[in-house]
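Welcome, and please get your viewer ready.

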Amino acid sequence: MTRSRVPPHDDTIDGDVYVTPRYLAGSITIGDPALEPLRALGWELHHDDLANAYLTAPDRKVRLGFLPEGDDDGLWRINAYHDRFGPPVWGVSFNDECPTEFVTAFTTALARAYKDGPDHYLAPPDSTDPERAAFAAVAPLINRGWKTQHPRWDVLELQTPDGMAGLEYTTGRLDPEKELTTLQARWYMWGGPKNSYSRWYATASTNTPVPLVKAITLSVSDPAPLPRWKDYMPRSLREHAQLTPVTPPPPPVPTPLDVHRAAARRPPALTTRNIPRWSTTTLPSALPAGRSGPRR
């Protein structure tokens with residue numbers, strides 16, 4: 001799996017188009033923005049021989065892997081542990097087509113939770129009413145127009161009106177190992193055209209703190225567009241997304257025909273006319289001239 005594409009550089013906005021809706025923007029293929037919130041906390045960063053990157057929390061209880069050369073399309077894998085040598089308490093993953101902004105939203109929320117302590121980043125959802133707790137992460141989608149799909153016995157499913165993104169929340173008991181290694185997780189989110197290589201997904205296992213999941217759903221459903229380089233977007237996304245130039249195009253230069261048509265629509269110019277004006281110059285009398293000799 002290679003990611004050698006390097007888009008042109010821009011000092012202000014990293015892209016030449018805005019993409020709406022954002023769940024059709026695709027990945028920027030660069031991990032730094034999503035790593036930064038955790039690196040800012042002093043998490044240890046190291047790489048393997050394949051250039052995969054790994055971040056480890058100071059207490060060794062949260063680990064993140066950015067795996068462009070991994071065994072599958074799971075580009076991002078984040079796990080949390082009660083015991084650094086035990087099995088994960090929860091796990092979250094994003095594939096290589098997922099918009100990086102969604103991952104950044106998650107790692108930003110994770111950084112806040114980590115600063116607040118284990119009661120936040122290791123806190124499981126309310127076990128007495130997990131569905132009610134999960135609603136906090138589902139509510140942003142409903143509030144922004146996502147629609148509930150045909151009900152299934154053990155799955156709550158929502159989709160966008162255009163059918164290009166969705167969420168599935170599975171109820172009941174799940175296999176903890178499968179949640180961490182397959183798409184059969186408590187939370188499953190996706191976006192992109194069906195049967196397309198540009199389709200993305202994200203998963204979160206049962207004990208993932210709901211505020212961390214909510215950070216993803218808020219970002220996915222945010223109406224604000226995302227900047228991208230048009231030429232580096234997959235065609236399948238360009239065909240379905242709305243693309244708006246970052247810099248509006250200049251007005252078109254008028255053609256000779258445009259100039260001719262504009263001239264034909266102009267009103268006629270005023271012609272020069274002689275206009276009598278008042279003057280102090282004495283004019284000759286219009287009456288007959290009188291006699292100039294003496295009277296008789």
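Start by selecting Y114 and D59: their side chains make a polar contact at 3.1 Å (a pair of N or O atoms within 3.5 Å, where within protein one must be able to donate a hydrogen and the other to accept it, and residues adjacent in sequence count only if both atoms are side-chain atoms). This is a predicted model, in which local features need pLDDT of at least 70 and side-chain atom pairs count only at pLDDT 80 or more, while totals for chains, interfaces and linings use all residues. Residues are numbered from 1 along each chain as its sequence is written, and side-chain values use heavy atoms, with hydrogens and water left out.

Stay with Y114 and show helix α2, residues 100-116, where Y114 lies (helices are DSSP runs of H or I, at least four residues, and strands runs of E, at least two, numbered from the N terminus). Is Y114 buried or exposed? Y114 is buried, at 15% relative accessible area (buried means under 20%, exposed over 50%, partly exposed in between, with a 1.4 Å probe and protein chains only).

Next, select E44 and R60, which form a salt bridge with the closest N and O atoms 3.0 Å apart (a side-chain nitrogen of Lys or Arg within 4 Å of a carboxyl oxygen of Asp or Glu). E44 sits in strand β2, and R60 in the loop between β3 and β4.

Finally, pick R152 and E157, a salt bridge at 3.1 Å.
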